[in-house]
Amino acid sequence: MIPDDKITALFVKLNKLTSLGQLKWHVEDAPRSILRGTDDFVPLYMAARYKEQHFGLYQHRYQLYDGDRDRFYWSEKVVLVILDLEDRVLWESPHASSALYDLFETVRKKVSNIDGIVDDLLSDDEI
């Protein structure tokens, strides 16, 4: 088992590389291997390659059962995975952390180009 501090260091490193523009992410459909055999949903999946490793970062929505109320409800988590060339999951982040959520927000900000969109809209002199 990998120590939590090393996993957090991985999240921080990927976040830094993404912020500096050295790691480029793109949006794509989640590999079928992630959802096969489940009713789960991945509304956003982003992928990148770094040092010959294939990374996936995604929002994972899934249902849980509340036995006290006898009903299902939706929950959500962010997951980082390392994939092989056939899109099989070789490793999955064991638990959510603030560093993982920070990475997700940085990557989402980069792929959406929200900074560029806001700057472009605010620089419009016609208003």
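Predicted model: local features only at pLDDT ≥ 70, side-chain atom pairs only at ≥ 80, totals over all residues.
Residues are numbered from 1 along each chain as its sequence is written, and side-chain values use heavy atoms, with hydrogens and water left out.

Leu 57 also belongs to the largest nonpolar core, which has 20 residues, and Trp 25, Met 46, Leu 57, Leu 80 and Leu 100 are the members that touch the most others. By such a core I mean a set of buried Ala, Val, Leu, Ile, Met, Phe, Trp, Tyr and Cys residues joined through side-chain atoms within 4.5 Å, with buried meaning under 20% relative accessible area, exposed over 50%, and partly exposed in between, for a 1.4 Å probe and protein chains only. Two or more residues each come from helix H1 (4-19), strand E2 (41-50), strand E3 (53-66), strand E4 (71-83) and helix H3 (98-112), and H3 gives the most, with five. Helices (H or I, at least four residues) and strands (E, at least two) are DSSP runs, numbered from the N terminus. Apart from this core lies another, of eight residues, including Ile 34, Val 42, Tyr 58 and Val 79.

Turning to the sheet, five strands form an open, antiparallel arrangement in the order E1-E2-E3-E4-E5, where two strands pair if DSSP finds at least two bridges between them. Strand E1 (26-27) and strand E5 (89-92) stand at the edges with a single partner strand each, so one side of each has no neighbour in the sheet. E4 and E5 are joined by three bridges, and Val 81 stands opposite Glu 92 in E5.

Finally, which residues of H1 are buried? They are Ile 7, Phe 11, Leu 14, Asn 15, Leu 17 and Thr 18, and they lie on the same side of H1 because they cover an arc of only 165 degrees around the axis, an arc taken from the directions from the helix axis to the C-beta atoms. What covers these buried residues includes E2, E3, E4, E5 and H3, whereas the face turned away carries the exposed residues Asp 5, Lys 6 and Lys 16.

Terms used. Contact = heavy atoms within 4.5 Å.
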